[in-house]
Amino acid sequence: MTGSTAGRTDTATDRLHAWRAPAATRSNALPAGAWWLWALGLATAASRTTNPLLLGLLVGVAGYVVAARRTDAPWARSYGMFIRIGLFVIAVRLLFSVFLGSPIPGTHTLFTLPELPLPDWAKGVRNGGRVTAEQLVFALYDGAKLAALLICVGAANSLANPARLLKSLPGALYEAGVAVVVAMTFAPNMVADVLRLRTARRLRGRPTGGVRAVLQIGLPVLEGALERSVAVAASMDARGYGRTARVPAAVRHTTNVLTLGGLLGVCAGTYGLLAAEGAGYGMPLLVAGLAAAMAGLRLGGARSVRTRYRPDRWGVRAWLVAGSGAAVAAAMIWAGNADPAALHPGVVPLTAPVLPLWPAAAVLLGLLPAVVAPVPPSPTGFQEQV
């Protein structure tokens, strides 16, 4: 009896060790597409609510996963920059509301600014005037939604290797993908140059903050980041990236029509799903657009003569990471249809936002990558290669 119990315990322990996140290596690293699907799911959830508690929870989930699973690569250091951009967006949205007014009526006047008289053709627009608490809260909610969306996209930039994402692109999008990867490497290289120059100035006893320091290191930072991006483009061109094969004109025209028509259908279907009056045609149009776009990409792939060296494999962990983001987005969309008041707290009259239970629990599903994704190595033990 004791031996049987010990055997069952050992089996359960082995299963637990099997599901425990392994150390990340070049062979088991998650595909970049999985991280992007997870982040886009969180961004979709952020676009469906203005509740600051849910938005803060989404930002916290994205930040925790980034802190737990990012590497020491240059692109992994860009998450802090996206947080600063989000805070800047909120500040700009509040300033626009204060100086340009808001259509939101309010009764709680905070202060009154001198109002600039405008001509008759600018009716409905004002500059200055009465500033109410309701309009500032509305601007804060609106800016927080956009900031949370940007921060979720920044999480994907910090976790996904842009070179691995390039390998996963279809052949029809490979030429555009090279340009996108070069553009995406500019911001991480700029962040790395800023950190390097600030460290050098600190070691020399020079100030690292203030307007004067920014003006002194601004030009070298931009020049260094641009040179690295151009070097990446040159290395890709030297390796034959973007090389195409000859295809018949009919196949080329059919590919363009299917791809362009499919992308237009995806845009129209997505708009239909987001708009309240487009629920009937949104899903069919989105499915038809996706089918046409996939067919166009499939035909366009025949033009590419490149091969893939060690292509990324989508294992169980990759599907769990991508599925967790999709689950968060689906749950938030369902919650918005079932109880829209909980996801959009009232402004007129002012009411305190309440954290809805089920949407908050669904957002916590986004923490799954921090458990199942491979653990990145320590900065001193391993340096990730592109």
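**Exercise 1. Work out how much of the protein chain is buried, and what it is built from.**

*Solution.* Start with the burial count: in this predicted model, buried residues make up 36% of the 386 residues in the protein chain. Next, list the secondary structure: the chain holds 14 helices and two strands. Finally, look at the contacts between residues at least 6 apart in sequence: 80% of these join residues at least 24 apart.

**Exercise 2. Find the salt bridge and decide which parts of the chain it ties together.**

*Solution.* Step one is to search for a side-chain nitrogen of Lys or Arg within 4 Å of a carboxyl oxygen of Asp or Glu. The search gives one salt bridge. Its partners are arginine 93 and aspartate 142, with their closest N and O atoms 3.2 Å apart. Step three is to check their accessibility. Arginine 93 has a relative accessible area of 24% and is partly exposed; aspartate 142, at 28%, is partly exposed too. As background, side chains of opposite charge can pair when their charged atoms come close.

**Exercise 3. Check the length of H4, then sort out its buried and exposed residues.**

*Solution.* Take the length first. At 1.5 Å a residue, the 22 residues of H4 should span 32 Å, and the end C-alpha atoms are 31 Å apart, which agrees. Now pick out the buried residues of H4: Tyr79, Phe82, Gly86, Val89, Ile90, Ser97 and Val98. They cover an arc of only 165° around the axis, so they sit on the same side of H4. Then turn to the face directed away from the buried side, where you will find the exposed residues Arg84, Leu87 and Phe88. What do the buried residues of H4 pack against? Their partners are helix H3 (52-69), strand S1 (109-116), strand S2 (127-132) and H5. To finish, step just past the helix: glycine 101 takes a positive phi of about 85°.

**Exercise 4. Describe how H2 and H11 pack.**

*Solution.* Begin with the geometry. Helix H2 (residues 32-47) and helix H11 (residues 316-338) have axes 8 Å apart, at an angle of about 10°. Angles under 35 degrees count as roughly parallel, and that makes H2 roughly parallel to H11. Next, see who meets whom: the H2 side includes Trp35, Trp38 and Leu42, and the H11 side includes Val321, Val328 and Met332. Among the buried residues of H11 are Val321, Val328 and Met332. For the helix length, the 23 residues of H11 should span 33 Å at 1.5 Å a residue; the end C-alpha atoms are 32 Å apart, which agrees.

Definitions and conventions:
Residues are numbered from 1 along each chain as its sequence is written. This is a predicted model: local features need pLDDT of at least 70, side-chain atom pairs count only at pLDDT 80 or more; totals for chains, interfaces and linings use all residues. Side-chain values use heavy atoms; hydrogens and water are left out. Buried means under 20% relative accessible area, exposed over 50%, partly exposed in between (1.4 Å probe, protein chains only). Helices (H or I, at least four residues) and strands (E, at least two) are DSSP runs, numbered from the N terminus. The expected span of a helix is 1.5 Å times one less than its number of residues. The arc is that of the directions from the helix axis to the C-beta atoms. Contact means heavy atoms within 4.5 Å. Axes are lines fitted to C-alpha atoms, for helices over the stretch in contact, and angles run from 0 to 180 degrees between N-to-C directions. Angles under 35 degrees count as roughly parallel, over 145 as roughly antiparallel, 65 to 115 as roughly perpendicular and the rest as oblique.
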